[in-house]
Amino acid sequence: MNNTPLIQLRNVHRTYKIGPDEIHVLKGVNIAVREGEFVAIMGASGSGKSTLLHVAGALEDPDYPPAGTARPDDGVFFRDQALHRMSLFARHDLRNRHFGFVFQFYHLLPELNVLENVILPAMVAAPFFMAFLRARPRKKEALELLEAFGLSHRLTHRPNQLSGGERQRVAIARALINSPDLLLADEPTGNLDAKTGQSILDVLINLHKTRGQSILLVTHDPHVAALADRIVHLEDGRIKTP
Amino acid sequence: MYQIFLTLRYLTRKKIVIFPILVVWLCLMMMIIVTSIMGGFVDRVRQTNRELLGDIVISNPTAAGWPYYEELQDYLKKNVPEIEASTPVVHAYGLMNLPNRGANAPVQIVGIDPVGRSKVSKFRENLFQQYKSPMNAVDDFVSFGLPKTSEELQKAATDAFEHANQAIDAAEEPYLKARMGLVESPPLNAKSLFAIVPVVLFTGLLLLGAQKKRSFKLLVSAIVILVVGGTTITLIYFWPRIRPHDFRFTEDAYQQAKVNVDRANRTYRFSIDLAPHQKWNSRQELVDALVPRQPTFTVPPEAAARYDTPAAVPKNGCIVGVQVGLFPRDRRGNFDRTHRFDFEKAIITVVPVTSKGGLNLGSAQSEVFALVDDSYTGVYDVDSTYVYAPLEVVQSMAFMRPDPSISPDDKQNWFPPRCNEVLIKLKNSNDPAGLEALSNRIQNTVDEFFEKRTLERFAPLQVETWNQRQAKYLNAVENEKVMQIFILSLMSLVVLVVIYLIFHMIVRDKTRDIGIIKAIGGSELGICTIFLFYGLVIGAVGGALGVISGVAFVTHTNQIHEAIFQLTGITIWDRSVYLFDRIPDTYNAFEVARYYAVSMLAGVLGALIPAMFAARLDAAKAVRYE
Ligand SMILES: Nc1ncnc2c1ncn2[C@@H]1O[C@H](COP(=O)(O)OP(=O)(O)OP(=O)(O)O)[C@@H](O)[C@H]1O
Ligand SMILES: [Mg+2]
């Protein structure tokens with residue numbers, strides 16, 4: 001295991017503007033996830049956990065520091081590459097092939113069936129005219145993933161025909177199809193009953209254990225957080241390490 | 001490529017796309033129909049004008065005309081080898097009086113050489129007695145089957161005439177009864193049962209199914225089928241029965257039968273004219289035997305039957321425009337010739353114009369003619385006012401030719417004959433650019449010719465192509481077309497707005513999906529492409545439907561028009577009013593292709609702003625909530 005963190009946030013700020021008001025949500029967050037690590041983020045509702053996850057996953061940009069005050073080491077880094085120095089294309093590629101998102105509300109595309117939902121990131125990954133060619137071998141992977149998640153009998157079903165647990169498993173399969181370096185999960189069990197939630201957690205733990213999947217997971221639930229290698233607390237826009 | 005995939009999924013799984021497709025479809029269909037019919041109309045007017053005028057017209061703007069036209073024709077023939085034929089025309093104004101009918105009408109008397117005129121225009125083909133009628137007979141003979149002997153053809157023509165006569169008897173009675181409001185509803189026939197039974201059965205089955213399965217959908221389908229099927233059946237089978245007192249249907253059938261009988265009668269008479277004991281092998285043989293090769297004003301010997309004494313038979317014949325008022329016209333555009341004119345007497349009075357252009361009222365000349373034929377050009381202005389007569393006769397009446405008794409040596413009283421126009425036909429007339437160049441050359445040649453002669457007393461000559469000659473009228477029609485296109489463009493704007501609004505809705509509805517696609521690596525451009533492609537497909541699909549239905553409508557306009565009449569008794573395109581007896585039913589493939597391209601463009605343009613909006617959506621915000 002080398003020493004460079006997979007993803008690192010250094011002194012990251014994020015402010016939202018609502019009209020004249022500013023909400024300073026992240027106030028200099030420092031956090032790193034190493035290769036193969038499973039990190040849980042806990043914090044009160046509204047403390048900025050989702051924001052942190054989105055910033056880490058290149059889905060939204062942190063504040064640019066005011067001109068002149070920027071320190072060269074500040075920002076979000078993926079394997080020591082500064083996200084803010086990357087081209088737009090590279091950032092799309094990062095989200096596509098290096099990160100996998102799992103959301104609390106599953107967020108599957110309702111017009112696509114299970115298999116199509118899972119395979120979509122693979123299609124996005126391919127250049128324009130190669131998509132169908134490249135997606136074909138990925139279909140095998142998708143089928144394997146869905147098989148592993150016990151969904152092989154529901155391939156052609158649409159998301160609204162599935163239960164919450166099933167949908168979340170499809171969402172995890174979608175996040176995994178491009179074998180991402182980091183899985184970013186935002187309260188993946190938050191919308192599920194205890195038993196179903198546990199089955200989802202089992203899936204994640206299993207991935208972490210067998211494949212060494214790096215995971216950054218946001219949760220309210222201390223029991224869930226307890227499964228992680230490391231727990232960080234987000235309080236008042238900063239990481240509080242106990 | 002995932003963009004295409006997603007577009008296809010959205011297309012097949014979101015019902016809202018039906019609306020923009022429907023709008024594009026209807027709009028394009030309307031556009032094709034309206035412009036095709038308008039365009040067809042302009043094309044016909046053009047075509048007819050050209051057939052009327054030949055390629056190039058030499059004229060001067062006064063009614064007095066100009067001299068030396070024969071020498072000019074020779075000179076042009078020598079110097080412009082492209083000229084195939086030319087013919088002089090005299091226009092005079094006057095009155096035609098038909099004493100047998102007690103009718104008179106203001107007319108334009110056109111003096112022509114019928115043979116020469118036929119060489120530059122379709123004069124011969126427009127004549128009824130000397131061309132169309134024998135041609136109809138030839139067609140009928142051909143339809144009886146060839147080869148046949150004269151006797152066999154005569155027998156077949158007799159049978160056909162008899163048949164047509166029976167048909168008119170059958171058609172006349174209901175017509176007369178209907179006129180008096182005496183007709184009861186005709187009984188329902190087996191055909192109507194064929195339509196009713198399946199509708200009733202199908203509705204019943206659906207209702208049963210709805211009851212059993214407690215399915216609301218089946219119930220609704222049953223109601224829809226009942227309403228749609230019921231309305232259709234009512235329209236097709238019952239409407240004419242609901243309105244039996246409306247004699248338009250019976251009148252139509254009666255008029256049709258009358259036209260048929262008239263034609264059968266003429267064909268029969270031509271069959272008698274065929275040389276006996278001869279075998280007719282081909283259409284051409286019949287044409288050669290029956291259709292006069294050259295049109296003529298000659299009054300035939302059988303005209304004597306109409307006049308009391310042989311001396312009373314007019315020396316000259318004349319040919320009248322078909323719309324001068326001799327024949328009533330039915331809704332199909334057929335002229336009712338049952339009251340044929342058979343060389344009847346026409347007294348024509350010309351108001352002569354002096355060589356200075358003034359009116360010479362004191363010397364108005366009357367001349368008696370026999371009507372020998374009628375001409376149908378399709379241009380109302382011409383058909384309703386022109387009376388053709390021999391060139392020299394009209395010249396004399398209009399004082400454009402000296403009395404034959406005056407010798408050319410009599411410098412005091414003799415003057416060279418004058419005409420108003422010379423019409424020219426070119427050897428190769430299908431090249432519009434060449435036509436104009438040639439017209440300029442002819443103008444130069446004409447100017448050259450008159451340099452050597454004194455023309456001071458006459459206004460200078462103008463050489464115009466048929467197109468320039470009719471430009472004013474055609475421009476008006478074409479302006480109307482431009483107007484239409486302008487209105488249709490406004491309509492396209494509506495289409496654009498509809499597509500925009502629907503895409504706006506779709507994008508708002510799909511905000512979360514857009515966030516998700518971004519989260520899995522979709523780029524701004526990629527997302528933009530999804531919606532642009534979506535718009536393109538809507539334009540392409542709606543456009544294709546529009547093209548198919550529009551073209552189908554245009555090519556079947558006349559059938560649809562007839563069907564509407566049969567269903568409702570309404571005549572939209574009244575042939576007794578319009579110039580042409582068919583609604584234009586051709587389309588311009590290039591124009592249609594252009595409209596199709598425009599519809600695809602409209603799809604893309606309508607989607608453009610919403611697509612850009614979608615591309616710029618904040619993904620993080622979109623995925624935050626359920
Ligand atoms: N787009 C936005 N515009 C304005 N304010 C925002 C926006 N997104 C988030 N916020 C605010 O930022 C704060 C942090 O939100 P965030 O969703 O990150 O919290 P959270 O810890 O994930 O909360 P929860 O546990 O309820 O999911 C909240 O006060 C929220 O109202
Ligand atoms: Mg949250």
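**Close-up views of a two-chain predicted model with ligand 1**

**View 1. A:Ser45, A:Gly48 and A:Thr51 meet oxygen atoms of ligand 1.** A polar side-chain atom of A:Ser45 sits 2.6 Å from an oxygen atom of ligand 1. At A:Thr51, a side-chain N or O atom lies 2.5 Å from an oxygen atom of ligand 1. Taken alone, ligand 1 exposes 630 Å², and the protein buries 74% of that (accessible areas come from the Shrake-Rupley method with a 1.4 Å probe; for residues, only the protein chains shown count as cover). A word on the model itself: it is predicted, so local features need pLDDT of at least 70 and side-chain atom pairs count only at pLDDT 80 or more, while totals for chains, interfaces and linings use all residues. Residues are numbered from 1 along each chain as its sequence is written, chains are lettered from A and ligands numbered from 1 in the order in which they are written, and side-chain values use heavy atoms, with hydrogens and water left out.

**View 2. The shell around ligand 1 draws on two chains.** Ligand 1 lies between chains A and B. Of the 16 residues around ligand 1, the nearest are A:Ser45, A:Lys49, A:Ser50, A:Thr51 and B:Arg624 (near means a heavy atom within 4 Å). Chain A contributes β1 (7-18), β2 (21-33) and α1, and chain B contributes α20 (619-624), each with at least two residues of the shell. Helices (H or I, at least four residues) and strands (E, at least two) are DSSP runs, numbered from the N terminus. The largest share of the shell, three residues, comes from α1(A). By class, the shell has five nonpolar, seven polar and four charged residues (Ala, Val, Leu, Ile, Met, Phe, Trp, Tyr, Cys and Pro count as nonpolar, Asp, Glu, Lys and Arg as charged, and the others, Gly among them, as polar).

**View 3. A:Glu60 and B:Arg624 form a salt bridge.** The N to O distance in this pair is 3.4 Å (a salt bridge is a side-chain nitrogen of Lys or Arg within 4 Å of a carboxyl oxygen of Asp or Glu). A:Glu60 lies in the loop between α1 and β4 (75-78) of chain A and B:Arg624 in helix α20 of chain B, so the pair joins two chains. B:Arg624 is also one of the residues that come nearest to ligand 1.

**View 4. Chain A and chain B touch across an interface.** The contact takes 31 residues from chain A and 28 residues from chain B (heavy atoms within 4.5 Å). Together the two chains bury about 2,700 Å², 67% of it on carbon and sulfur atoms (the accessible area, 1.4 Å probe, that two parts lose on being put together, summed over both). Four salt bridges are counted between chain A and chain B, including the one from B:Arg9 to A:Glu116, whose closest N and O atoms are 2.5 Å apart. On the chain A side, α1 (49-56), α2 (88-98), α3 (114-125) and α4 (131-148) each supply at least two residues. Which helix gives the largest share of that side? It is α3(A), with five residues.

**View 5. Two backbone details, one at B:Pro147 and one at A:Asp80.** Most residues other than glycine have a negative phi, and most peptide bonds are trans. The bond from B:Leu146 to B:Pro147 is cis, with omega near -5°, and B:Pro147 lies in the loop between α5 (128-144) and β5 (148-149) of chain B. A:Asp80 has a positive phi, near 70°, and is found in the loop between β4 and β5 (81-82) of chain A.

Note on methods:
Polar contact = N/O pair within 3.5 Å; in protein donor to acceptor, adjacent residues only side chain to side chain.
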